[in-house]
Amino acid sequence: MLDIKDVHKTFNLGTVNQKTALCGVSLVLEEGDFVTVIGGNGAGKSTLLNAIAGVWPVDSGTITIDGINVTGLPDFKRAPLVGRVFQDPMTGTAATMQIDENLALARRRGKKRGLRWGVTKAERDEYREKLKILNLGLENRLTQKVGLLSGGQRQALTLLMATMQKPKILLLDEHTAALDPKTAEKVLAATERVVNEGHLTTLMITHNMRDAITHGNRLIMMHEGNIIYDVKGEEKKKLQVSDLLQKFNEVAKEEFSNDRMMLS
Amino acid sequence: MAEYFASLSAVDLVGRLPAAAAQGLVWGIMALGVYITFRLLDIADLSVDGTFSTGAAVTVMLIVAGWNPWPAMLVAFIAGLAAGCVTGLLHTRLGIPAILAGILTQYGLYSINLVIMKMKANQAVNVDKYGLAITGRNVPVSIVVSLLIVIAVLIIMYWFFGTEMGSALRATGCNQEMSKAQGINVSAMKVLGLAVSNGMVSLSGGLFAQYSGFADVNSGRGSIVIGLAAVIIGEVLGEAILGKKLNFFGRLAFVVVGAIIYYFVYTIVLWLKLDSNLMKLFTAIIVAIFLAVPYLRGQSKNSFLRAGKNSLGSREVK
């Protein structure tokens with residue numbers, strides 16, 4: 001479903017801020033893989049997701065989604081294949097537009113936007129049904145502006161939007177990191193439900209190692225722009241937080257002062 | 001002083017109001033164009049100062065050349081579209097900040113407008129010689145005709161911004177990151193918005209030239225400020241009157257009301273025998289105040305001064 005071959009990306013080449021973010025990453029995802037991604041700050045996790053989404057062009061390497069070489073396409077042209085939920089709840093939705101309008105924008109992802117109505121009555125009924133799944137009471141607030149929703153509600157809505165048109169790959173970039181623990185749990189549960197029901201191929205970055213272990217069928221760890229650890233299936237199920245911590249220790253002895261890792 | 005007040009006649013003021021309404025309606029179309037860029041796309045587009053004159057120049061020159069005013073205004077609209085495209089492409093393709101791109105277009109248009117007007121700063125179009133859509137000589141007809149045009153523009157805008165393409169344009173102005181993630185070509189949407197906006201401004205310029213009976217290369221100077229004034233006055237008034245019931249159509253309609261009120265104020269200033277050149281200063285002050293009010297209101301709820309006063313055992317820091 002996703003095939004990444006030897007992707008390199010360096011930011012600010014030739015300046016004092018030069019930073020190699022990805023150095024030769026290769027990754028193959030099968031259809032239906034739900035992969036959690038962990039790693040310290042600056043390991044290249046978000047960079048990897050942005051490379052797949054097409055936020056900027058990569059320096060070298062090939063990215064193929066569902067058999068289509070997307071390396072030369074900007075993000076909005078990859079959008080039909082890719083669903084995204086961002087870390088910041090403000091990023092994924094249009095605050096000054098209504099809930100139904102936001103969903104309607106998502107429903108037309110990858111389709112030609114012409115002069116037909118932006119939202120139809122039949123769609124609204126459909127959205128009401130879909131919002132019920134989130135269990136947040138949003139189904140009765142279709143015509144409210146999204147700006148009135150809480151961060152958790154907006155993330156859940158973004159998740160629904162990202163999967164409204166079944167994406168070939170779903171990219172979740174620490175989408176619960178900005179939420180309080182209880183809301184984060186709810187959004188994560190909704191994620192699990194949506195991914196399983198749709199049998200979606202998913203990459204999910206998290207800083208919570210327990211979440212990384214409990215969710216998904218595969219786990220990868222990144223360090224200094226590369227994938228250094230990749231477990232799946234039975235082996236992953238047996239994984240303990242302590243195993244991951246040890247792994248971190250091995251690769252980054254001197255860097256293991258990263259406080260976010262210590263806390264989880 | 002008494003002499004001054006004695007010279008002011010209320011009847012005279014009332015008599016002037018219809019003309020103000022007609023001009024307000026014409027400028028309302030311009031203000032609706034500004035609304036697209038300023039409110040929907042979140043871009044302060046200064047090209048309008050140039051495209052307003054372009055519309056005036058194109059319309060007058062074509063009418064003088066024997067055209068019917070309506071196709072002439074259509075050409076003016078298209079000329080505005082093209083100018084807006086230039087601003088949009090300077091911004092999206094060449095990475096020039098939107099405000100600078102607008103200034104560049106406006107600056108360049110000055111020369112183009114002069115060329116259109118055969119290198120004369122002013123070209124008259126006499127209603128006795130040519131058929132005009134509206135004219136200051138016949139205010140009632142002008143009001144009816146411009147009102148019909150305004151209503152048509154309002155309906156088209158309300159419809160367009162409800163369509164898939166219109167929604168994509170609004171989403172672009174609200175959240176580009178999200179728009180791109182939903183597969184919207186945000187650059188194309190910005191160019192489209194700037195083009196349509198300037199097309200409307202140009203159309204308004206063409207109407208204004210017919211109303212005044214001439215096209216002037218400077219007629220658009222400062223029009224962005226008048227457009228902003230109309231948008232802001234309309235919003236404040238609309239929210240005050242309709243509150244939460246103010247829907248999108250209401251917002252658009254109140255922009256036109258804002259333009260009419262602007263012209264009422266303008267007329268009162270003239271009636272008070274103040275120098276009309278002072279109007280620019282008044283307008284600038286009014287727009288600055290209205291733009292500042294939402295910010296200051298937020299500040300008053302959210303200021304260090306207040307937090308300091310409310311804090312326990314506050315003592316002035318020396």
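How many residues does helix α4 of chain A have, and how far does it reach from its first C-alpha to its last? I looked up residues 121-134 and found 14 residues reaching 21 Å, close to the 20 Å expected at 1.5 Å a residue. The expected span here is 1.5 Å times one less than the number of residues. Helices (H or I, at least four residues) and strands (E, at least two) are DSSP runs, numbered from the N terminus. Just after α4(A), I noted A:N135 with a positive phi of about 65°.

Ground rules, for my own use. I am working on a predicted model, where local features need pLDDT of at least 70, side-chain atom pairs count only at pLDDT 80 or more, and totals for chains, interfaces and linings use all residues. Residues are numbered from 1 along each chain as its sequence is written, while chains are lettered from A and ligands numbered from 1 in the order in which they are written.

**Sheet in chain A**

Next I traced an open sheet of six strands in chain A. Its order is β6-β7-β8-β3-β9-β10, with mixed pairing. Two strands pair if DSSP finds at least two bridges between them. At the edges I found β6 (82-85) and β10 (226-232) of chain A, each pairing on one side only. From one strand to the next the twist averages 20°. Axes are lines fitted to C-alpha atoms, for helices over the stretch in contact, and angles run from 0 to 180 degrees between N-to-C directions.

Then I checked β9 (residues 218-223) of chain A. β9(A) and β10(A) pair in the antiparallel sense over six bridges. The bridge partner of A:H223 is A:N226, in β10(A). Helix α5 (residues 151-164) of chain A packs on the sheet and touches β6 and β7 (169-173) of chain A. The direction of α5(A) makes about 175° with that of β6(A).

**Where the chains meet**

I counted 25 residues from chain A and 19 residues from chain B in the contact. Two residues are in contact if their C-beta atoms, placed from the backbone, lie within 7 Å. On the chain A side, α2 (75-78) and α3 (99-107) each supply at least two residues. α3(A) gives the most, with four residues.

**Chain B overall**

I listed 13 helices and two strands in chain B. The radius of gyration of chain B is 21 Å, close to the 20 Å that the globule rule gives for 318 residues, so chain B is as compact as a globular protein of that length. That radius is taken over C-alpha atoms, and the rule is 2.2 Å times the number of residues to the power 0.38. The C-alpha trace spans about 80 × 65 × 40 Å along its principal axes. Of the 318 residues, 46% count as buried. A buried residue has 20 or more other C-beta atoms within 10 Å of its own, with C-beta atoms placed from the backbone.

**Helix α10(B) and a glycine**

The 20 residues of α10(B) (residues 223-242) should span 28 Å at 1.5 Å a residue, and the end C-alpha atoms are 28 Å apart, which agrees. Its buried residues include B:I224, B:L228 and B:G238. The buried residues of α10(B) pack against α2 (10-40), α3 (48-64), α11 (248-271) and α12 (279-301) of chain B. Just after α10(B), B:G243 takes a positive phi of about 55°.

Leaving out residues up to four places away in sequence, B:G258 touches B:A31, B:A230, B:V231, B:I233, B:G234 and B:L237. I also checked B:W27, 231 residues from B:G258 along the chain: their C-alpha atoms are separated by 9.7 Å.

Note on methods: Buried ≥ 20, exposed ≤ 12 C-beta atoms within 10 Å, placed from the backbone.
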